Amino acid sequence: MRLEGKVALVTGSSQGIGQGIVVRLAQEGADVVINYRSHPEGAEETLAKVQATGGRCYMAQRSKSQGYTIQADLGNVNEIRQLIAESIAYFGKLDILVNNAGLEKHAPFWEVTEADYDAIMNVNLKGVFFTTQAFVQHLIATQRSGKIINISSVHEELSFPNFTAYCASKGGMKMLTRNLAVELGSFGITINNVAPGAIETPINIKLLNDPQKLSALLRNIPLGRLGQPQDVASLVAFLASSDAGYVTGSTFFVDGGLLWNYQEQ
Ligand code: BGC
């Protein structure tokens with residue numbers, strides 16, 4: 001129980017890697033804020049899993065009928081600020097921010113629309129920027145240290161044809177982290193990237209359902225399997241804990257060796 005007494009917000013935690021992270025942080029004793037944009041049933045599922053761990057948990061609800069509205073679309077800065085404010089109002093503080101929400105769209109570069117570009121950059125980069133800013137403002141105002149973990153991708157380094165906007169957002173996230181490690185160090189705030197490879201989640205459902213593409217991908221993974229959300233969550237739990245107190249400004253890959261497995265056909 002490395003995170004007892006800590007409060008963590010995990011964006012985009014109604015499914016996939018985000019859900020795995022929430023459950024793991026709760027198992028480590030943290031109170032957790034679950035955020036979702038369009039899958040309330042997924043958020044309920046995450047909540048149920050957290051409750052099974054015995055932790056307290058607050059689900060950021062958008063339903064007016066329940067008397068709560070928290071803007072939780074990470075592509076919208078006003079909603080971001082409201083999400084942070086409501087999290088703090090409920091639990092009294094935040095200690096850990098996991099910027100997990102992200103999206104990708106497949107298209108050749110010459111066909112990418114402005115709307116798709118904006119959707120990707122607004123969530124994956126602008127959203128991370130302003131969520132982190134609101135979190136840091138809270139830490140500075142309350143004179144406390146804190147931990148920021150960004151869920152990046154092997155594609156902050158590795159080319160991914162037909163996903164240029166996604167790669168640009170993750171490359172931007174790499175430098176955001178390097179820069180903020182310096183700027184926030186004197187406040188005792190650490191920031192690191194976790195860079196997953198091919199993890200079995202809804203984001204790559206098309207690939208998972210295409211046997212040919214899947215076996216080509218598996219040939220590139222030295223460990224010979226796709227990752228699971230728990231593989232990512234255990235690294236996040238470490239980075240969120242005091243065990244990682246001297247770790248900042250770095251990227252940690254959790255990819256079964258994919259990034260470094262050059263294969264000449
Ligand atoms: C992407 C997946 C992809 C994986 C490995 C991730 O960042 O979201 O779609 O399968 O990288 O290329």
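Visitor: How are α4 and α5 oriented to each other, roughly parallel or oblique?

Guide: This is a predicted model, and what follows should be read as such. Two packed helices are described by the angle between their axes and by the distance between those axes. Here helix α4 (residues 114-141) packs with helix α5 (residues 164-184) at an angle of about 15 degrees, their axes being 9 Å apart. Angles under 35 degrees count as roughly parallel, and α4 and α5 are therefore roughly parallel to each other.

Visitor: Which handedness does the crossing of α4 and α5 have?

Guide: The crossing in which α4 passes α5 is right-handed.

Visitor: At what angle do α1 and α2 pack, and how far apart are their axes?

Guide: Helix α1 (residues 16-27) and helix α2 (residues 40-53) pack at about 20 degrees, with 9 Å between their axes. That angle is read with the cut-off of 35 degrees, so α1 and α2 are roughly parallel to each other, and their crossing is right-handed.

Visitor: What is the relation of α1 to α8, oblique or roughly parallel?

Guide: The axis of α1 and that of helix α8 (residues 229-240) come within 8 Å and cross at roughly 50 degrees, and α1 and α8 are therefore oblique to each other. As for handedness, α1 passes α8 in a right-handed crossing.

Visitor: Turning to the ligand, which residues surround the ligand?

Guide: The ligand is surrounded by E104, S153, H155, F160, Y166, G197, A198, I203 and N204. By residue class, this shell divides into 4 nonpolar, 4 polar and 1 charged.

Visitor: Which side chains place a polar atom 2.6 Å from an oxygen atom of the ligand?

Guide: In the side chain of E104, an N or O atom is 2.6 Å from a ligand oxygen atom, and a polar side-chain atom of S153 also lies 2.6 Å from an oxygen atom of the ligand. For Y166, a polar side-chain atom lies 2.7 Å from a ligand oxygen.

Visitor: How much of the area that the ligand exposes when taken alone does the protein bury?

Guide: Taken alone, the ligand exposes 310 Å², and the protein buries 90% of that.

How values were computed: Residues are numbered from 1 along each chain as its sequence is written. This is a predicted model: local features need pLDDT of at least 70, side-chain atom pairs count only at pLDDT 80 or more; totals for chains, interfaces and linings use all residues. Side-chain values use heavy atoms; hydrogens and water are left out. A residue is near a molecule or strand if one of its heavy atoms lies within 4 Å of it. A polar contact is a pair of N or O atoms within 3.5 Å; within protein, one must be able to donate a hydrogen and the other to accept it, and residues adjacent in sequence count only if both atoms are side-chain atoms. Accessible areas come from the Shrake-Rupley method with a 1.4 Å probe; for residues, only the protein chains shown count as cover. Ala, Val, Leu, Ile, Met, Phe, Trp, Tyr, Cys and Pro count as nonpolar, Asp, Glu, Lys and Arg as charged, and the others, Gly among them, as polar. Axes are lines fitted to C-alpha atoms, for helices over the stretch in contact, and angles run from 0 to 180 degrees between N-to-C directions. Helices (H or I, at least four residues) and strands (E, at least two) are DSSP runs, numbered from the N terminus. Angles under 35 degrees count as roughly parallel, over 145 as roughly antiparallel, 65 to 115 as roughly perpendicular and the rest as oblique. A crossing is left-handed if the near helix is turned anticlockwise from the far one by less than a right angle, and right-handed if clockwise.
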